[in-house]
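Student: I'm new to this one, and I'd like to take a close look at a single part. Could you walk me through a loop residue and then show me what surrounds it in the bigger picture?

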Amino acid sequence: MTSKFVDTPIPALVAEVEKWQLRFFAKAVGETNPIYFDEAAARAAGHPSILAPPTYAVTLSLCEADPYARYRSLGINWCRMLHAQQGFEYFAPIHAGDRIRFESRIVDFIQRRQGRLKFLIEETEAWNQHQVLTTRFRKTIVIRDPEAEQ
Amino acid sequence: MILHAGQVALGDRLPTLVKPPITRTTLAYFCGASNDHNPLHVDPDVARAAGMEDVFAHGMLNMAYLGQLLTGWVDQSCLRGFEVKFGAIVRLGEQLVCNGEVVDKQLRDGGCRILIRLLATNQAGEVKLTGEAVVELPLAEPAQTTGS
């Protein structure tokens with residue numbers, strides 16, 4: 001059973017890429033390559049500013065007061081959500097100072113076993129301030145809900 | 001320095017990346033730094049109420065580690081695709097051991113497409129993440145290319 005939620009528009013989000021947040025991300029993952037946290041090193045390597053690492057677009061896309069609201073509006077208990085799959089396609093780099101516009105849609109929402117198991121697939125495009133597509137990513141979430149039957 | 005096609009062969013392995021054991025501090029930092037404030041990863045009470053033993057690593061933290069395996073081997077500008085399946089949760093005290101192997105190499109459109117199979121296990125060899133990455137390399141060293 002697929003659902004009416006598929007292709008429901010999700011309001012676009014615009015987020016600035018901040019140097020401090022890239023530095024914080026680099027610290028949190030134990031990054032050692034300075035192009036990901038030091039502006040001078042990034043420039044010396046030919047970048048306009050600090051380079052966002054390959055998975056950073058997802059972090060930036062969560063840069064809103066309540067990124068889980070969209071899932072709650074689908075009746076999903078966020079404590080039952082597990083990230084099952086994540087994929088990225090890359091077209092252009094993201095750097096500190098960029099302004100990224102995220103356009104997301106729900107590609108599929110599948111219920112199995114009378115709703116005890118649900119799969120939600122969401123695709124997001126990240127466009128920069130020059131209207132260049134930087135990356136497209138696809139997130140698959142699995143929701144285990146043992147009480148859904150009752 | 002950017003790798004070029006001649007330096008990469010089928011069966012080549014990326015240098016293994018071993019990350020430190022996951023601690024509550026690791027998860028607290030990543031919660032703040034990643035904007036993923038889901039309490040399952042930082043609040044043991046919420047994790048237990050959801051039927052988990054304790055907090056566990058964010059999927060995107062584990063994927064960031066595999067990303068470091070890739071960018072430690074090839075310049076990020078060469079990365080065209082990167083995807084993973086999160087097979088098992090990564091618990092406190094576990095260490096991710098990240099590996100990649102070149103499984104395909106195709107010459108096309110004046111470049112070279114490399115497919116890398118990715119695997120992240122814990123220190124005991126239990127599979128945590130599997131995935132693949134697509135990398136596009138120049139055919140020769142940048143100084144020797146003709147620009148087309």
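Tutor: Arg113(A) is exposed, because its relative accessible area is 56%; exposed means over 50%, buried under 20% and partly exposed in between, using a 1.4 Å probe and protein chains only. You'll find Arg113(A) in the loop between strand S3 (99-112) and strand S4 (117-127) of chain A. Helices (H or I, at least four residues) and strands (E, at least two) are DSSP runs, numbered from the N terminus. Now check the backbone: Arg113(A) has a positive phi of about 50°, though it isn't a glycine. Most residues other than glycine have a negative phi.

A word on what you're looking at: this is a predicted model, where local features need pLDDT of at least 70 and side-chain atom pairs count only at pLDDT 80 or more, while totals for chains, interfaces and linings use all residues. Residues are numbered from 1 along each chain as its sequence is written, chains are lettered from A and ligands numbered from 1 in the order in which they are written, and side-chain values use heavy atoms, with hydrogens and water left out.

Let's zoom out to the chain that holds Arg113(A). Chain A has 4 helices and 5 strands, and along the sequence they run β-α-α-α-α-β-β-β-β. Its C-alpha trace spans about 60 × 30 × 25 Å along the principal axes. Of the 150 residues in chain A, 50% count as buried. Take the contacts (heavy atoms within 4.5 Å) in chain A with a separation of 6 or more: 68% of them come from residues 24 or more positions apart. Chain A exposes about 7,400 Å², with carbon and sulfur atoms supplying 52% of that; such areas come from the Shrake-Rupley method with a 1.4 Å probe, and for residues only the protein chains shown count as cover.

Asn35(B) has a positive phi of about 70° and isn't a glycine. Asn35(B) sits in the loop between H1 and helix H2 (44-49) of chain B, and it counts as buried because its relative accessibility is 11%.

Finally, step into helix H1 (residues 24-34) of chain B, where Thr26(B) is found. Thr26(B) counts as buried because its relative accessibility is 14%. Leaving aside residues up to four places away in sequence, Thr26(B) touches Pro21(B), Leu61(B) and Tyr65(B), along with Ala28(A).
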